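Subject: Structure handover, with notes

Dear colleague,

I am handing over the structure below, followed by an account of what was found in it. Please read the notes with the structure open beside them.

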Amino acid sequence: MMLLFSRVLAASTAVVLVLALSLGHLQTTTWWAGYDLQNCPNCKPIVDWSDELSRNTVAGVQRRKFASDGVVVLSGAISPVKVSTLSDEVDSMVDTFMTSVLSKVVLRGYRKYEHRLDTRSELVRDWAVHGALAKWAAQLMDVKEARLYNAEKIYSAGADNPMGCNPAWHRDTVAAPFPIDAKSVTINIYLDDIGADGPHGDALIFIRGSHKDLDTPPAVTGKRLFEPVIKVGDVLAHDPNVYHTPSGRGCWNRRSLQFRYVESPTTFDFEPIRFPHGPIPWTLAHAPGLAPHGLKEGDALAGPWYPKVYPEPQEDEHITLKGKAWGIFSLLGVAKQAQDAAAKLGIGSDDDCIADVRNESDGYLYYGFDGPVAKCKDWEMLNGLPVHKEGQMINDMKRLMEKVKK
C-alpha cells in the first residue's frame, strides 16, 4: 500500500510539475501577454504619409468643434487604399489570449479584441507612431507633445452576440492611465463604411459636450445626440470623457481600430479604483504589476510602453519592454484591491460613503462606467457594479439581466 501511495504521489507531483512548467512557458508567449515584449524590434517607418501630412486636415474649425463637442469627424482624411492595406494587416494577425479567451468569456459582445498592436506589427506601429494620426491628435488636443497609450482592434460580434445588440453608454475615463484632467483623444479608424443604423450599423454615437460635466450623466436624446455616418478614410476622433455608446441598432459586425493618445508631459495614474478592474483589457494594459511599464503612481507617463509620438518619436523609447507579462495571481490581487476599495468607500450607501471626499491632489476616489463617483447618493450597486442612478448604464444593465434570466 505504501509503495502504491508513493507511486501515486510521485505521479501526481510529476503532473503538477509538468503543468507548472507548461504554464510558466505559456506566460512567456505573445499569445498569453496579448502583446510582444520585444516591442516590434527593427520596425521602421514604411508608409508614405506625405500627402496626409501636407493637407490642413485639422484646421481651426475642427479644433473648436472637438473642444466644444468632444467629438469630430475628419472627412476623407486618409486614403481608402491605406485603410484597406491596414485592414488586411490586422485581419492577418494571430489572435492572442485577448480574443481566444477574454472575448469568449468576458467581452462577449466582441468577435475579436486585441490591444497594443503596435508592439507586434510594423504597419500598425507606423500608423500609431510615425504617421499623421499623432500630428492630428496633438492638434486636436492643442498640445505641443503627445504620447501613445494604446492601439486596439475591436471587432463586434454583431448578430452573434449572445446578449443581443444593445447600447452601452459609458465614458472611457475608467480605462485611462493618467489624471482625469489630462488632455487626451481616441482616433477611431473604421475598416468599413458604417453608420448608426443597419444594414451597416452600430457605429459609435455621442452626446456632444458631455465631456465638460463628468459628475452627472447627460440625457441621451435631443439636439446634443451626434450619430456620425463614416466612410472608409474618414477619421472619427473623440475625447475619452465624452458619453458614448455603440448605437446597438445596426447589430452588424463592425470592425474598427482605436489609437489612443494623451498630452505630454503628464503623470501615471491607475490605482485600483476603477470598476470593473480584473480580467479586462484596461487592467491588463495599464495596472502596475500586470502591464510591463514599470511605473508607479505619480511617475512621469513615459517609456517604451507609453512612447512619445509627436512632434517626433524618441528612438531610446523604441526598445524591448523590461517588464514581464501578467500573471494569474497578480491579476486576482489587483481585482481584490478594487473590490476592497469600493467596499471601503461605501459606494451605494448614503450613510457610510466617503467617496464624496476628494481634494485637488487625489481627485476623484472611484470611477465607474458612467464617470467618476462625485456623490454617493447619486450612485447604487447593481449586481456588484457601481452605476449612476441618472445614467444609462443602469438601464443597460437591467435589460441585460432580463435577457440572462430568459
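Two strands are said to pair here if DSSP finds at least two bridges between them, and helices (H or I, at least four residues) and strands (E, at least two) are DSSP runs, numbered from the N terminus. This is a predicted model, in which local features need pLDDT of at least 70 and side-chain atom pairs count only at pLDDT 80 or more, while totals for chains, interfaces and linings use all residues. Residues are numbered from 1 along each chain as its sequence is written, and side-chain values use heavy atoms, with hydrogens and water left out.

With those conventions, strand β3 has several partners. Two bridges join β3 to β10 (residues 308-310), the two running antiparallel, and within that pairing Ala-146 has Tyr-310 of β10 as its bridge partner. With β9 (residues 255-263), β3 pairs in the antiparallel sense over nine bridges, Arg-147 standing opposite Val-262 in β9. Strand β2 (residues 110-114) also pairs antiparallel with β3, over four bridges, and there Tyr-110 stands opposite Ser-156 in β3. Eleven of the eleven residues of β3 are buried, so the strand is largely enclosed by the rest of the structure; buried means under 20% relative accessible area, exposed over 50%, and partly exposed in between, with a 1.4 Å probe and protein chains only.

Asp-172 lies in the loop between β3 (146-156) and β4 (184-190), and this residue is buried as well, with a relative accessible area of 12%. Leaving aside residues up to four places away in sequence, Asp-172 touches Thr-186, His-238, Pro-240, His-244 and Arg-260, where a contact means heavy atoms within 4.5 Å.

Elsewhere, three strands form an open, antiparallel sheet in the order β6-β5-β8, in which β6 (225-226) and β8 (244-246) are the edge strands, each pairing on one side only. Strand β5 (residues 204-207) pairs with β6 over two bridges, and Phe-206 stands opposite Phe-226 in β6.

For the chain as a whole, there are eleven helices and 14 strands. The radius of gyration is 22 Å, close to the 22 Å that the globule rule gives for 406 residues, so the chain is as compact as a globular protein of that length; the radius is taken over C-alpha atoms, and the rule is 2.2 Å times the number of residues to the power 0.38. Of the 406 residues, 53% count as buried.

Best regards
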